[in-house]
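Trainee: I am new to this structure and would be grateful for a close look at a single part of it. Please begin with one residue and then proceed to the packing elsewhere.

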Amino acid sequence: MTKTSARSVLLVIGGGIAAYKTLELIRLLKGRGIGVRAILTRAGEQFVTPLSVAALTGEKVYSDLFSLTDEAEMGHIELSRAADLVVVAPATADLMARMAQGLANDLAATALLATDKPVLIAPAMNVRMWLHPATQRNLARLLADGVRVIGPDEGDMACGEFGPGRMAEPAAIAVAIDEALAPAEGMKLLTGDAPRPLRGRKVLITAGPTREAIDPVRYISNHSSGKQGYALAAAAVALGAEVVLVSGPVSLPIPPGAQMVPVESAAQMMAAVSRELPADIAIFTAAVADWRVAQRADEKIKKGGKAPPTLTLAENPDILKTVATLKSGRPKLVVGFAAETERVVAHAQEKLTRKGADLIIANDVSPEGGVFGGDRNTVHLVSKAGVEDWPNLSKAEVARRLMDRLAGTLAETA
């Protein structure tokens, strides 16, 4: 890897039509000052050439596990660990299966098995292959192992079908790589004698959606991806905090160093939050369902030619207000999020007063904004002191700035 690259990626290029997009991805990464070394699988060579990849990376391209020359110059163990992040794009069904099973039958699989660095995959395959139970089992295994996933997107495919399975666009993958590298950079900066302002402090964070069951197979939920909450957990860990992340169902790896408490319903989230108190800072990013079905059906509700059933709703516990108004054991800082579609700041100001929070982070989650499920956010910090507008930032950058702000505020009130 070039010595001038402060950050570096090992890119594993799988065999799929989406492999051509990796050439643009390399260009974007190099433009960000990220060094790239590539492993090109034999199947990947059917779509892009070693020459084109080498020309863009400025590095030798690796493909053969048993190459005497390559092993002498850069052994596969060293290759797998020399970068800060390993990226698989496109991650084909075959590559995902081999990763999940821990196979090591070519250079790509061996490097992925031997690496001790974070791994990010960008799946790409036919919609039926993506939805097949085997692929979903492999995906669940990889997520449980801590592998990060971006995509796949939904749309028209080269095979003529439509649905989820398109590899995420290079620009989106580049942002995900930036965010995956950011916590590692933060941890590097915090090693040695660098200050860790939240050392000895407990930060409690809720993230993701909740699911409110209608019957054993249906539920009420929302589009929250959990990305902002998980980014906040990573940023809090980097500042030295003991972090407990109470999370609804999402497809994200647990941030290294954080303790994750999985929940589904709002009632479960309320109970988990109560168990984890006291805390110094409590941040409520979760998009908690306001209502649940008053009477959950024990069996799947059938149509059977009958009129649609009437769902009677009951109000869910207000987690933010409950914690913010505690008479004893209230966290020193209570932060809520306001996901709005109109009058964003005005609604957040009302929420600040109504809930009793110290700070409300307001953002516009209208579909055209792409915040739900996206990698960027535009937020407004609403407090009794006024409103502070932040520019459009990656969710990782929002998290870093917010945790720095909260750490400073906590120090001032100590």
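Mentor: S265 is placed in the loop that links β13 (259–262) to α11 (266–276); helices (H or I, at least four residues) and strands (E, at least two) are DSSP runs, numbered from the N terminus. The model is predicted: local features need pLDDT of at least 70, side-chain atom pairs count only at pLDDT 80 or more, and totals for chains, interfaces and linings use all residues. Residues are numbered from 1 along each chain as its sequence is written, and side-chain values use heavy atoms, with hydrogens and water left out.

S265 counts as buried because its relative accessibility is 15%, buried meaning under 20% relative accessible area, exposed over 50% and partly exposed in between (1.4 Å probe, protein chains only). Leaving aside neighbours within four places in sequence, S265 is in contact with T210, R211 and E212, where contact means heavy atoms within 4.5 Å.

Turning to the packing elsewhere, the largest nonpolar core has 34 residues, of which L198, V203, I283, M403 and L406 touch the most other members. Such a core is a set of buried Ala, Val, Leu, Ile, Met, Phe, Trp, Tyr and Cys residues joined through side-chain atoms within 4.5 Å. Among the elements that each supply at least two residues of this core are β9 (202–207), α10 (227–238) and α14 (395–413). Not counting residues up to four places away in sequence, L198 touches partners including V203, A236, I281, M403 and L410. A second, separate core of 31 residues includes L25, I34, V48 and V61.
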